[in-house]
Amino acid sequence: MASNARLDHRNPLVIDTHELGRRPGALKRLTREIDAPRDLGIPGVIGVPEGAPMELELRLESVMEGVLVTGTARAVAEGECVRCLEPVELELEADFQEMFSYPDADDRGRVIAEPGDDAEDDEDRLHVEDGLIDLEPVLRDAVVLALPMQPVCQDDCPGLCSECGARLADDPDHHHDAVDIRWAALQGLAGSMTDGEKDEMSGAEAGVDEKQEK
């Protein structure tokens, strides 16, 4: 849906399309380096840090119903490995294509008398506003789709030890000796006994063995 707020041409993600002149077939190519907007990515998982450099390669084509924008965004995304929690950096390349419709044209490029009369017309459509288009919503969607939902530092990351939390990639031979739970209670009892109690128990066990032999 078109926004009531006017677009700011000083915003690096706002592109001027006046050169196309609403002439079908007219083309414009441009490369733009920008600072990444805030919250660009998957919150709490991975994304492009606010202010990080981004490179945009854009192709703008005038068609009957509006301006077709095809582009590629490149940047470095940062996050955390879901297995071992180590920092992750990812070279991001996100492709996108979006149609920005003229507010006074229908799907076939025909001029309509009163834009917005059709209930379905403006629901999910992006518009050219006073010759300007805003790429930010398109860029956000493209980046989210290009990022992994579960980033890992390496494909075969073994993660963390479930018992002590050690990073297994740093110590491939890391392990814990398994203790039979049937003997765990007896081991705890033995550890809490004094030497005298142990001697008495040993003597009692010896007496029992002698009786059994008789």
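This is a predicted model: local features need pLDDT of at least 70, side-chain atom pairs count only at pLDDT 80 or more; totals for chains, interfaces and linings use all residues.
Apart from its neighbours within four places in sequence, Glu93 is in contact with Thr72, Ala73, Arg74 and Ala146. Glu93 is found in strand β7, which covers residues 87-101. With a relative accessibility of 49%, Glu93 counts as partly exposed, because the exposed class begins over 50%.

The side chain of Glu93 makes a polar contact with the side chain of Arg74, at 3.1 Å. Arg74 also forms a salt bridge with Glu57, in which the closest N and O atoms are 3.2 Å apart. Glu57 lies in strand β5 and Arg74 in strand β6, so this pair ties together parts that are 17 residues apart in sequence. Both partners are partly exposed: Glu57 has a relative accessible area of 34%, and Arg74 has one of 29%.

Other charged pairs can be found elsewhere in the protein. In general, side chains of opposite charge can pair when their charged atoms come close. The count of salt bridges comes to eight. Among them is the pair of Asp8 and Arg10, whose side chains meet at 3.1 Å, N to O. Asp8 counts as partly exposed at 34% relative accessibility, whereas Arg10 counts as exposed at 66%. Another salt bridge joins Glu136 and Arg140, with the closest N and O atoms 2.9 Å apart. These two residues both lie in helix α1, four residues apart, which is about one turn of the helix. Glu136 is partly exposed, with a relative accessible area of 22%, and Arg140 is likewise partly exposed, at 23% relative accessibility.

Helix α1 itself spans residues 136-146, and within it Val138, Leu139, Ala142 and Val143 are buried. Seen down the axis of α1, the buried residues fall within an arc of 125°, so they line one face of the helix. The face turned away from this buried side carries the exposed residues Asp141 and Leu145. What covers the buried residues of α1 includes strands β2 (27-35), β3 (40-42), β5 (53-63), β6 (66-80), β7 and β8 (126-127).

Leu85 has a positive phi of about 70° although it is not a glycine. This residue is placed in the loop between β6 and β7, and at 48% relative accessibility Leu85 counts as partly exposed. Asp130, also not a glycine, has a positive phi of about 55°. Asp130 lies in the loop between β8 and β9, the latter strand covering residues 132-134.

The protein as a whole can now be considered. There are three helices and nine strands, and along the sequence they follow the pattern β-β-β-β-β-β-β-β-β-α-α-α. Of the 214 residues, 29% count as buried. Among contacts with a separation of 6 or more, 62% are accounted for by residues 24 or more positions apart. The accessible surface comes to about 14,400 Å², of which 48% belongs to carbon and sulfur atoms.

Key:
Residues are numbered from 1 along each chain as its sequence is written. Side-chain values use heavy atoms; hydrogens and water are left out. Buried means under 20% relative accessible area, exposed over 50%, partly exposed in between (1.4 Å probe, protein chains only). Contact means heavy atoms within 4.5 Å. A polar contact is a pair of N or O atoms within 3.5 Å; within protein, one must be able to donate a hydrogen and the other to accept it, and residues adjacent in sequence count only if both atoms are side-chain atoms. The arc is that of the directions from the helix axis to the C-beta atoms. Accessible areas come from the Shrake-Rupley method with a 1.4 Å probe; for residues, only the protein chains shown count as cover. A salt bridge is a side-chain nitrogen of Lys or Arg within 4 Å of a carboxyl oxygen of Asp or Glu.
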